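Welcome! Have a look at the model below, and then let us walk through it together.

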Amino acid sequence: MKPYERYRTRKLLLALTAAGGLLLTACSGGGAGSEGSKAADRDTSGLPAPAQSQGSSERDDRREDPDHLSTFALDVDTASYDYARRTLADGRLPDPSTVRPEEFVNSFRQDYERPDGDGFSVTVDGARTADEDWSLVRVGLATRTTGRTGERPPAALTFVIDISGSMAEPGRLDLAQESLAVMTDRLRDDDSVAIVTFSDDAETVLPMTRLDGHRDEIHDVISELDTRDSTNLGAGVETGYETAVEGLREGATNRVVLVSDALANTGDTDADTILERISGERREHGITLFGVGVGSDYGDALMERLADKGDGHTVYVSGTDEARKVFCEELPRNIDLTARDAKAQVAFDPETVEEFRLVGYDNRRVADEDFRDDRVDGGEVGPGHTVTALYAVRVRPGAEGHLATATVRWLDPGTRDPHEETGALETDALDDSVRSANRSFQVTATAAYFADALRHDDPSLPGAPGLGELAEHAEDLADRTEDTEIRRLAEAIDTAKRLKRTDRE
C-alpha cells in the first residue's frame with residue numbers, strides 16, 4: 001500500500017474514532033474541557049514547543065490539527081525581506097508586523113529540481129534540530145526555468161505611477177523613472193506599455209502603445225513625470241485597470257504594475273474596497289497586479305494585501321541595482337505565467353507526526369476542504385520561480401516511516417484545466433542536524449530563524465540560535481558559497497544583533 005493510501009485509511013479510522021468519542025462525551029455530559037487539542041491529553045512536560053502566538057494574525061502559529069492537513073496559497077512575494085534590510089540599514093529594527101517569514105525564505109535562490117514542462121516539481125526534505133523530537137521540514141516547489149525572451153507571449157503592461165508629494169524623496173520617483181527608461185529600451189518591439197499617474201486624482205498620460213517605433217514617445221512621458229499633492233492610490237489602481245482593459249491584447253500577458261510608497265491618504269485607503277472596485281476587470285480578463293514598493297517610509301500592509309488579493313505579488317526596491325534587476329530583468333523575463341490559483345496542501349502522517357506548525361503564510365492560509373475548490377483564490381506563479389514553505393514538526397518519539405506528503409494544485413493559465421503534483425518525505429530521510437543539511441536548506445533555515453528573531457523577543461522556532469550565533473553561521477555560509485545575497489543576509493543579521501543589544505541597554 002502506498003504512503004498516501006495508508007494515510008487515507010488512517011484518516012478514515014481517526015475520523016470514525018473521533019465521532020465515537022464525541023458521542024460518548026455528549027452522553028456523559030462533558031463540557032468545555034472536551035474541546036481541547038490532543039496536546040491537552042498528553043504529558044508534554046520537559047518537551048520544547050514553539051511559543052504561543054501573540055497576535056491575531058498569528059492565530060495558527062501553534063497548530064494542533066486533528067486531520068494533520070495544512071493548506072495555503074502559493075506566494076512569491078519578497079518585499080518584507082528587502083524592506084527589513086532597508087530599515088536595518090537606516091539604523092532601525094523593522095516593525096514586527098511587517099516581517100513575513102515566507103518572504104524572507106523566498107528571497108533566496110533554491111536548487112530544487114525543475115520540471116521538464118509546465119507546472120511544478122515538488123521537493124520535500126528536512127533536518128532534526130537540537131530541540132528533542134523537533135525537526136524543520138521544507139516543502140520546495142519549482143517551475144520550469146525561463147526560456148529565451150522571444151519564446152514568451154507579448155506583454156501589455158500598464159504602469160501605475162505614484163507622483164504624490166512623498167514620492168519626491170530621493171530613491172522614489174527618480175528611481176522609478178530611471179528604471180522605466182532602461183526597461184523601455186529592453187522590452188521587445190511587440191510589447192506594449194501604458195502609463196497612469198496618480199496624486200489627488202488619476203490620469204492616463206500614455207494609452208496602451210506598442211514599443212515598435214514609439215520608444216522616444218514613451219521616454220518623453222517618463223522623463224516629464226513630476227511630483228505633486230496627495231496619494232489617492234485607490235483612484236490610481238482603478239484608472240490603471242480601466243486603462244489596461246481599454247488596451248487589452250488577446251494572446252498577450254496583460255498586467256498592471258503599481259509603483260508606489262503606498263502611503264495612501266486620500267480617497268479609498270482600504271485594500272478590500274479598492275480591490276472590489278476592480279474585481280470585474282480582474283476576474284473577467286485575468287489581469288494580474290505586480291506591486292513595486294519604494295521609500296524609507298512604506299505602506300507595507302496595504303501593498304501586500306493589494307497584491308495577495310489582486311492575483312499578483314510584491315517586491316521592494318531601495319536602490320538602483322535592485323530597481324534595475326526588478327524592472328529590467330525580473331519583470332520582462334517573468335511576464336509569462338506558469339500557474340494560476342496555485343495552492344499547496346501538506347498531509348502529515350498521524351502515526352509519525354505529533355504536532356506541526358507552518359512558518360509564516362499567515363495571510364495565505366486556505367481551508368483544507370477548499371484545496372480542490374478551484375473557485376477559491378490561490379497564487380499566481382511564473383516561470384523560473386521557486387516557492388518554499390517551512391514547517392516546525394514534532395515527530396513522535398521513536399516513530400519511523402512516512403512523515404508527510406506535499407501536493408501542489410494549479411490551473412493552466414490558458415485553459416484553466418487543473419493539475420497536481422506530489423512529493424513525499426520519510427523519517428529516515430531527515431538530516432541529523434540543520435548544520436549537516438545541504439547548503440540551500442541551511443540558507444532557508446537561517447532566513448526563517450532571522451525572521452523569527454525580528455518578530456519575537458523569545459525564539460518560537462525549534463533549534464533557534466541566538467542572533468550572534470546565527471550571524472556567525474550566515475557569515476560562514478557566505479564565505480563557503482561566495483554568494484552575494486547570503487553575504488547581505490549575514491550583514492543584516494549582524495546589524496539586527498547590534499540594534500537589539502542597543503535597545504536592551
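## Getting oriented

Helices and strands here are runs assigned by DSSP, a helix having at least four residues and a strand at least two, and both are numbered from the N terminus. Counted in that way, the protein chain holds 13 helices and 15 strands. Please keep in mind that this is a predicted model.

The protein chain has 505 residues, and 55% of them count as buried. Its exposed surface comes to about 21,400 Å², with 44% supplied by carbon and sulfur atoms.

## The largest pocket

How much space lies in the largest pocket? The value is about 1,000 Å³. The pocket is lined by 40 residues, and those closest to its centre are Thr-78, Ser-107, Arg-109, Lys-325 and Glu-330. By type, the lining divides into 12 nonpolar, 14 polar and 14 charged residues.

Several elements supply at least two lining residues each: helix H2 (79-89), strand E9 (313-316), helix H10 (320-333), helix H11 (439-455) and helix H13 (484-504). Which of the elements gives the most to the lining? That is H10, with eight residues.

Next, find helix H5, which covers residues 215-223. Arg-215, Ile-218, Val-221 and Ile-222 are buried there. These four lie on the same side of H5, because they cover an arc of only 125° around the axis. On the other side of H5, Asp-216 and Ser-223 are exposed.

What do the buried residues of H5 pack against? Their partners are helix H4 (173-186), strand E5 (192-198) and strand E6 (202-210).

## One loop, two residues

The loop between strand E11 (353-358) and strand E12 (379-381) is the place of Phe-371. Is Phe-371 buried or exposed? Its relative accessible area is 2%, so Phe-371 is buried. Setting aside neighbours within four places in sequence, Phe-371 is in contact with Thr-71, Lys-343, Ala-344, Gln-345, Thr-407, Val-408, Arg-409 and Glu-420. Of these, take Ala-344: it is 27 residues from Phe-371 along the chain, and the two C-alpha atoms are separated by 7.6 Å.

Asp-377 also has its place between E11 and E12. With 30% relative accessibility, Asp-377 counts as partly exposed. Apart from residues up to four places away in sequence, Asp-377 touches Ala-73, Asp-308, Asp-311, Asp-341 and Lys-343. Asp-377 and Asp-341 are 36 residues apart in sequence, while their C-alpha atoms are 5.5 Å apart in space. Lys-343 is a contact of Phe-371 and is touched by Asp-377 as well.

## Two positive phi angles

Most residues other than glycine have a negative phi. Two residues here are worth a look with that in mind. Asp-133 is not a glycine, yet it has a positive phi of about 70°. Asp-133 lies in the loop between strand E2 (120-128) and strand E3 (134-143), and at 23% relative accessibility it counts as partly exposed.

The other residue is Arg-416, again not a glycine, with a positive phi of about 65°. Where does Arg-416 lie? Look in the loop between strand E14 (402-411) and strand E15 (418-426). Arg-416 has a relative accessible area of 38%, so it is partly exposed.

To finish, here are two pairs to trace in the model. Glu-151 is found in the loop between E3 and strand E4 (155-162), and it counts as exposed at 52% relative accessibility. Glu-151 and Asp-336 are 185 residues apart along the chain, and their C-alpha atoms are separated by 9.7 Å.

Ala-492 belongs to helix H13, one of the helices that supply residues to the lining of the largest pocket. Ala-492 counts as buried, because its relative accessibility is 8% and buried means under 20%. Ala-492 is in contact with Arg-85, Leu-88 and Phe-450, leaving aside its neighbours within four places in sequence. Ala-492 and Arg-86 are 406 residues apart in sequence, and 9.2 Å apart in space from C-alpha to C-alpha.

How values were computed:
Residues numbered from 1 in each chain as written. Predicted model: local features only at pLDDT ≥ 70, side-chain atom pairs only at ≥ 80, totals over all residues. Heavy atoms only, no water. 1 Å grid on protein atoms, 1.4 Å probe; cavity = no way out; pocket = protein on both sides within 12 Å on 5 of 7 lines; lining within 4 Å. Points joined across faces, edges and corners; volume = space filled by probe spheres on them. Nonpolar A, V, L, I, M, F, W, Y, C, P; charged D, E, K, R; others polar. Buried < 20%, exposed > 50% of the residue type's maximum accessible area, 1.4 Å probe, protein only. Areas by Shrake-Rupley, 256 points an atom, 1.4 Å probe, with all protein chains shown as cover. Arc of directions from axis to C-beta. Contact = heavy atoms within 4.5 Å.
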